[in-house]
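Keep the sequence and the model side by side while you read.

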Amino acid sequence: MGIERAHWAIIVVWLTLFGEKLMLVNGNFNYKEALTKSIIFLEAQRSGKLPSNNRVPWRGDSALDDGKLANVDLSGGYYDAGDNVKYGLPMAFTVTTLSWAALFYKQELQAAKELGHVQDAIKWGTDYFLKCSQSQKLYVEVGDPNEDHKCWVRPEKMKTKRTVLMIDNKTPGTEIAAETAAAMAAASIVFRSIDPEYAHRLLNKAKLLFEFAKSHKGTFDGECPFYCSYSGYNDELMWAATWLYYATRKPMYMKYIQDDAISASVSEFSWDLKYAGAQILLTQLHFQGQKDLEEFKVHGDSFICSVLPDSPYKQIRMTPASLVHMRDGANMQYVTSAAFLFTVYSDLLAKHKQKVTCGDKQFNSSHLLAFAKKQIDYILGKNPADRSYMVGFGKNPPKQAHHRGASVPRSAKDEVATCSMSFAKWLHVDSPNPNELTGAIVGGPDRNDKFVDKRTESSYTEPCTYVNSLAIGPLAKLASLG
């Protein structure tokens with residue numbers, strides 16, 4: 001009987017540790033599983049002709065004629081969120097941050113056997129940007145968001161007009177041009193040792209786009225009200241110049257950063273505001289010996305001090321359970337962006353034996369990593385709701401992500417989906433999505449940590465590519481720690 005009780009005790013312990021689909025490993029979440037699934041979500045967002053190794057069984061080819069209205073092939077790229085529009089600014093930011101993760105956490109991604117998948121995700125974006133980047137023009141959006149938002153159908157079935165928007169010397173768009181330059185420059189470093197010719201093409205386009213962004217300054221309002229640039233274009237110019245310096249090591253880009261770029265202390269890193277990312281990249285160079293970049297280290301430290309809850313200079317709002325909460329709409333983007341920059345800066349502090357000083361307090365590498373881990377753990381299930389915010393992962397994850405492809409069942413080829421009936425038929429139905437949007441990180445809780453899983457509440461249930469791209473680095477780091 002004693003042996004039998006011992007066996008039952010072992011089984012109970014095993015279930016406690018490894019239940020919920022092996023969610024926990026050594027008392028922590030299974031970060032490797034979360035990493036894998038977060039990449040699969042990006043694959044669910046692909047537009048165009050899908051590859052033979054497509055891992056999302058309910059997705060098919062879509063928008064193969066994109067660009068036809070402008071007599072150019074603009075198939076490919078990513079749908080940004082739960083609709084079927086391809087927006088240039090957030091797509092480029094997704095690729096830039098994916099590339100940063102692939103570079104900074106290359107060894108960790110290799111150990112998790114996910115580096116190839118991240119590289120594929122980057123290339124899916126850069127192949128599209130190469131199509132978009134023409135002589136003295138850049139195609140920046142495909143699909144009419146107003147018409148698209150009147151129809152709740154899968155991308156494979158959409159019949160809405162695929163309007164094409166572009167910027168050129170008469171219609172400038174500095175933010176989008178510079179962000180696309182940053183994406184292609186960062187990606188060129190990723191592919192330099194894999195496909196030098198492809199990397200060279202990306203870098204040449206990045207250089208041209210940066211010059212175009214500088215010489216034709218102006219904000220492009222064509223993606224409003226969905227992706228309006230409220231912060232202006234100076235951050236994108238500094239961000240692009242930084243990535244071009246990393247890609248080329250040419251003094252002309254460092255000269256631009258030091259003489260022409262306008263830096264600022266901020267408390268946010270997002271598709272609209274890139275200063276903090278550029279500042280931490282430049283702080284890395286400062287730690288490596290470029291002492292004339294002290295100003296950017298001060299600004300990078302200021303970002304950390306404005307976010308850390310126990311900093312005397314804390315500026316941002318947190319939920320009662322200490323989740324970063326900037327805005328109700330798609331708030332998880334600010335959670336994963338903070339987690340990413342804190343994880344990167346933590347590793348830089350550890351490598352160079354540095355600390356961050358916030359007034360009369362100092363914070364070391366471990367402190368920053370602990371904060372990043374807490375944010376990621378909240379997403380994965382350590383929160384007041386005791387639920388995961390990642391679809392298909394962990395305990396009681398979201399079932400009603402605000403997403404057309406996931407919420408509309410695969411239908412027979414001859415079925416015609418009408419826009420007038422689509423919302424009642426698929427959006428407003430209070431039932432789980434028929435297709436699991438594996439790995440999608442939904443919008444997040446409200447400011448009081450309330451978990452919302454209702455498809456019609458897009459602020460809390462809609463996923464975005466850049467939320468996941470920013471989670472790749474922290475997840476890879478945490479997975480490497482065992």
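A residue is called buried when its relative accessible area is under 20%, exposed when it is over 50%, and partly exposed in between, with a 1.4 Å probe and protein chains only. This is a predicted model, in which local features need pLDDT of at least 70, side-chain atom pairs count only at pLDDT 80 or more, and totals for chains, interfaces and linings use all residues. Residues are numbered from 1 along each chain as its sequence is written, and side-chain values use heavy atoms, with hydrogens and water left out.

Start with C224 and C228. Their sulfur atoms lie 2.1 Å apart and form a disulfide, a term that here means a pair of cysteine sulfur atoms within 2.5 Å. C228 counts as buried because its relative accessibility is 9%. C224 has 27%, so this cysteine counts as partly exposed.

How many disulfides does the rule give in total? The count comes to three. Another of them joins C151 to C419, with an S to S distance of 2.0 Å. This pair links distant parts of the chain, 268 residues apart: C151 sits in the loop between α6 (145–148) and β6 (164–168), and C419 belongs to helix α16 (residues 419–427). Helices (H or I, at least four residues) and strands (E, at least two) are DSSP runs, numbered from the N terminus. The link of C151 and C419 is left-handed, with -90° about the S-S bond. C151 is buried, because its relative accessibility is 4%, whereas C419, at 32%, counts as partly exposed.

C305 and C358 are also joined by a disulfide, S to S 2.0 Å. C305 lies in helix α12 (residues 294–307) and C358 in strand β7 (residues 356–358), so the bond ties together parts that are 53 residues apart in sequence. The angle about this S-S bond is -85°, and the link is left-handed. C305 has a relative accessibility of 4% and therefore counts as buried; C358, at 0%, also counts as buried. With bonded cysteines counted along the chain, the disulfides follow the pattern 1-6, 2-3, 4-5.

C132 is buried, at 1% relative accessibility. For C464, the closest cysteine sulfur is in C228, 15 Å away and again too far for a bond. C464 is buried too, with a relative accessible area of 5%.

Now turn to helix α11 (residues 275–287). The expected span of a helix is 1.5 Å times one less than its number of residues. For the 13 residues of α11 this gives 18 Å, and the end C-alpha atoms are 18 Å apart, which agrees. The helix is mostly covered, as 13 of its 13 residues are buried. Just after α11, G289 takes a positive phi of about 125°.

Finally, consider the whole protein. It has 19 helices and eight strands. Its radius of gyration, taken over C-alpha atoms, is compared with the globule rule, 2.2 Å times the number of residues to the power 0.38. The value is 22 Å, close to the 23 Å that the rule gives for 482 residues, so the protein is as compact as a globular protein of that length. Along its principal axes the C-alpha trace spans about 80 × 65 × 40 Å. Of the 482 residues, 59% count as buried.
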